[in-house]
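Take the points in order and look up each residue as you go.

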Amino acid sequence: MITTEIAIIGGGPAGLSAAISAASLGAKVAILERDGRLGGQLIKQTHKFFGSEKQYASTRGFDIAKILEEEMEKYKDKIDIYTNATVLGLYEDGVLTIEHNKKYMKMKPEKIIVATGASEKFLSFPNNDLPGIYGAGAVQTLMNEYGVKPGNNVLMVGAGNIGLIVSYQLMQAGVRVKAIIDAAPQIGGYLVHASKVRRAGVPILVSHTIKRAHGKESVEGATIWQLDERWQPIEGTEKYLDVDVICISVGLSPLTEFLWQAGCEMKYIPELGGHVAIRDENLETSVNGIFIAGDVAGVEEASSAMVEGRLAGICAANSLGYGDDRFEELRRDYTEQLKSLRSGPVGAKIVSGLSKVTVKKQFA
Amino acid sequence: MTKTASVVIIGGGISGCAIAYNLAKKGVKDVVVVERSYLTSGATGRCGAGIRTQWGTERNCKLAKFSVDFFENANEILGYKRDIEFKQGGYLIVAATEKEVEQFKKNVELQNSLGIPSKYLSPQEAKEIVPHLDETKILGATFCELDGHLNPFHTTEAFAQAAERLGVEIMTFTEVVGIDVEGDKIKGVHTTKGYISTPIVVNAAGGYCRQIGDMVNVDIPTYSERHQILVTEPVEPMQEPMVMGFSLNIYTQQVPHGSFLIGRGDPTEPKDLRITSSWQFMEKMAKTACDLLPALGKLAVVRQWAGLYNMTADAQPIYGPVKEVEGFYLAVGFSGHGFMLGPATGQIMAEIILGEPTTIDVSDLDKDRFARGELVLEPSVV
Amino acid sequence: MIEKTGVPTKEDIEEITPPKEIREKQAVAVIECYKEIPCNPCYTACKFGAIKEFEDINDRPEIIYEKCVACGQCVIKCPGLAIFIIDETYSETEATVQIPYEYLPLPKEGDYVTALDRAGRPVCRAKVVKVRKGKHPNMTSTVTMAVPKEHSMTVRSLNLEDYFADNTIICRCEGITLGEIRQLISEGYTTIDEIKRISRAGMGPCQGRTCRHLIMQEIRNATGQNMEDMLMPTFRQPTKPVKLGLFVGGEGDD
């Protein structure tokens, strides 16, 4: 059984940031990443990030992953990295069972930071099991990691940030995006992303949804239709689109299995993407010693995920007695950064969601 | 909201639903089943759901035989529109010690005398029935083709729906919070959905039966113990019978859907109401299973879970009324066999409550046998 | 409004809605003839005297519910296709709506279709329980659909395509369709756990990551439960399928 001070489940933006900040205060950290490389979804992000300098604004996602990895180099004696390491279970006694490079191992950490991210939501419509229907994440992996085009003509379902960005990336890869549709009456993503694809000639149809996919062996087309103000489909508004790929990007839900397994108190918060854990201002859950950071704590942007990671990292380290001299100052800084990232109209929804699950810290 | 019932049954598992069905079938009106969550949410929905006639005592053989006979025709008898998925692939019970060999031979003799067609097999003969068995790990085995397993959710639903058609009211998501006793007689039951006035309460609350007993100040001599199971991905049919070993501590079956259910008991398991899972189980179970049935090592585990056995000192149920409170009946302490005994439990409890002679004599399975020191030991349990 | 849209208003509909006591007791014709026109075949078709004698051919028909036996003659005869039979006694939860239908092909009994409202908007899924084909090709046929009781006065048309397509796969691991989930919900299995136990949806290797949310939505749509109040099943270890041999150490090599 391996022991460590802090185990971090997930090596994406939140997890890596948590590792750096915890190690910078002196804690011994282990990162458990199920993929073969670190960086999580950052690796697939070819667009420039928003936010401010502290969250690497204007830098492209895959470059941010590199920056974080370089920063980790500074603390390499403090950070153990396990890639190809899938955590199989978080048990009642705090033990993690892990499949690491196809071998079985166990880890007993003193604290755990869960930074597992989110998974894509699906949509039900006739023929939704035809090959050629992908989640947006899979499309990004195909294009940006493996350099494979998913097809030639795409219908994008979902006009949130991910739908808009992936549409843009598809066009950059030479794929035609026939339309971006969204059931909501307005575009959910940043309008600058929307304008970027709109001026390239892609129609964005709000109040539209997919009626069915067509095809025998794989996708050959799709029928979409319009929704009225009560979100009911309107007869006679059907349009047929000649596409070979349907990309579903209708939102993310937090990947919370470990938190359920650990017995954390959970609550359904639609603004945050689904069930999330009740937490205090230090991102500690109702189960002592289990912290959360990133999309698992509530779906938002990678910039906030990284700051949450930093915050969870120092809080976990400080709960082990590290960094007393710098802790309060860092905590204030990260809390301020989060506040400013969530300050605009876009952040209002997140703030409202967070207010329902954040409780005052009760120091033991 | 006050209502009146002739019998209130606490617990919506196989026992509670089967008792309700049998009472209603015998013409009892106003039977109410109270379940604090949904039907099968307790041990019934978590169990291995096997049924075997290969027991070491005459009565257990008879109870089990009664249940097998019932299950064979349960879809028709209960008028169930789905399928209880009863598959009679037999039980192969393996002996790994000389003591077991001796006991098993005695068991077969007893079983045959009661019309149960079990037989004793050599390790090689056992391997013919289960080709992926490592026969070098066993000294012998017994096999009975009558045995098998079924789907616990559908079986309980079948009883519940048949009971409802006969007028039984099933209240789910309703928790019993207190029981009124006047003098030494049951008066009624307080639930989260109102009061039910009744002269008879049947405690079929499985792992939680002691909490119900406490409500009428009756100390029930059982304890709850966590038992765990794992399930694999579905694969092509490769194992007909349930394979079970007492000293080897394993039972495993391939359900009709294709998955393998694999479980074991462990004396070090917590004896409280915890139903969390443990990695220790996963490791020990994997070792036992791969040792006896090496091919299982290649199957992917999809999920592990736990449920509660309600144990007694002699691993036999407690059936019948209690001396302390008139109208308070027990169907508890099944020690891991409550599901398979379900049909018999339903029949016998209905008979006891109505004062009829019982189909199978269970008069010595009363609560006070432990105080009297008259335990009824069963040699063949996991 | 109906003059502009062809769709009767709420008030129009209220006026022709049979009283609750009648609907609870018997199947009955509902005459949706909102404007006076010179026309009376409904009156002449009724052998039971359930439609009041017309004083003037322009009169709007008036029904005497007590005399109506829901034979459907007026439905077939009405040139305006304005008469429907609703039967709220059909079952505990469902009502039937019989509509005149003059399109080809006719649906088949047992088919599932999409029930539409007076504006042609999809309302719900409906099972075709009876198709009465006209004796001659030029006679009006009727189609009787079973719909949830609360839609008896809403559903007035159908589309053969099953928008609420029940063959849509919800649980990919176990191949469970939306229809199966809906059937279970309608039978009273209204928690994710019960649906899982009866149908296996969510029992597969993904442990419900794909289907759980979709099932929650269906439960919400059918029962009005809030998602936040739903009883959640537990996530179990392991989080991904791994070979049993792995836990012994060394055996799970691929």
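1. Let's begin where chains A and B meet. This contact takes 6 residues from chain A and 4 residues from chain B, where two residues count as touching if their C-beta atoms, placed from the backbone, lie within 7 Å. On the chain A side there are 2 nonpolar, 2 polar and 2 charged residues. For these classes, Ala, Val, Leu, Ile, Met, Phe, Trp, Tyr, Cys and Pro are nonpolar, Asp, Glu, Lys and Arg are charged, and the others, Gly among them, are polar.

2. A quick word on ground rules. The model is predicted, with local features needing pLDDT of at least 70 and side-chain atom pairs counting only at pLDDT 80 or more, while totals for chains, interfaces and linings use all residues. Residues are numbered from 1 along each chain as its sequence is written, and chains are lettered from A and ligands numbered from 1 in the order in which they are written.

3. Now chains C and A. Here the contact takes 30 residues from chain C and 24 residues from chain A. β8 (169-171) and α8 of chain C each give at least two residues to the chain C side. That side has 14 nonpolar, 10 polar and 6 charged residues. Helices (H or I, at least four residues) and strands (E, at least two) are DSSP runs, numbered from the N terminus.

4. How is chain A divided? Into domain 1 (2-119 + 252-359) and domain 2 (129-248), with bounds taken from an automatic or database domain assignment. Taken over C-alpha atoms, the centres of these two domains of chain A are separated by 31 Å. Their contact takes 4 residues from domain 1 of chain A and 6 residues from domain 2 of chain A. The domain 1 side of it has 1 nonpolar, 2 polar and 1 charged residue.

5. Chain C is split as well, into domain 1 (2-159) and domain 2 (169-229). The centres of these chain C domains, again over C-alpha atoms, are separated by 34 Å. While you're in chain C, look for the cis peptide bond joining Q237(C) and P238(C), with omega about -10°. P238(C) sits in the loop between α8 (211-223) and β10 (242-243) of chain C.

6. Over in chain B, find the open sheet of 6 strands, in the order β9-β3-β2-β13-β20-β19, with mixed pairing. Strands pair if DSSP finds at least two bridges between them. β9 (169-171) and β19 (318-321) of chain B are at the edges with a single partner strand each, so one side of each has no neighbour in the sheet. On average, neighbouring strands of this sheet are turned by 20° against each other, direction ignored.

7. Staying with that sheet, β3 (residues 31-34) of chain B runs parallel to β9(B), and 3 bridges join them. Which residue of β9(B) is the bridge partner of V34(B)? M171(B). Helix α9 (residues 338-353) of chain B lies across β2 (7-10), β13 (201-203), β19 and β20 (328-332) of chain B, at about 165° to β20(B). Angles like this run from 0 to 180 degrees between N-to-C directions, using lines fitted to C-alpha atoms, for helices over the stretch in contact.

8. Strands β17 (residues 266-269) and β18 (residues 274-277) of chain A run antiparallel and are joined by 4 bridges. In β18(A), H275(A) is the bridge partner of Y268(A). The hairpin has 4 residues between the strands, and G273(A) takes a positive phi near 100°.

9. Phi is positive in A49(B), near 60°, and in A315(B), near 55°. A49(B) is in the loop between β3 and β4 (50-51) of chain B, and A315(B) is in the one between β18 (300-311) and β19 of chain B. A49(B) counts as buried because it has 25 C-beta neighbours inside 10 Å; the cut-offs are 20 or more for buried, 12 or fewer for exposed, and partly exposed in between, with C-beta atoms placed from the backbone. A315(B) is buried too, with 21.

10. Last, the inside. The largest nonpolar core has 204 residues, and those with the most contacts inside it include I8(A), A19(A), A20(B) and V202(B). Such a core is a set of buried Ala, Val, Leu, Ile, Met, Phe, Trp, Tyr and Cys residues joined through C-beta atoms within 7 Å. Helix α7 (residues 302-319) of chain A gives the largest share, 10 residues.
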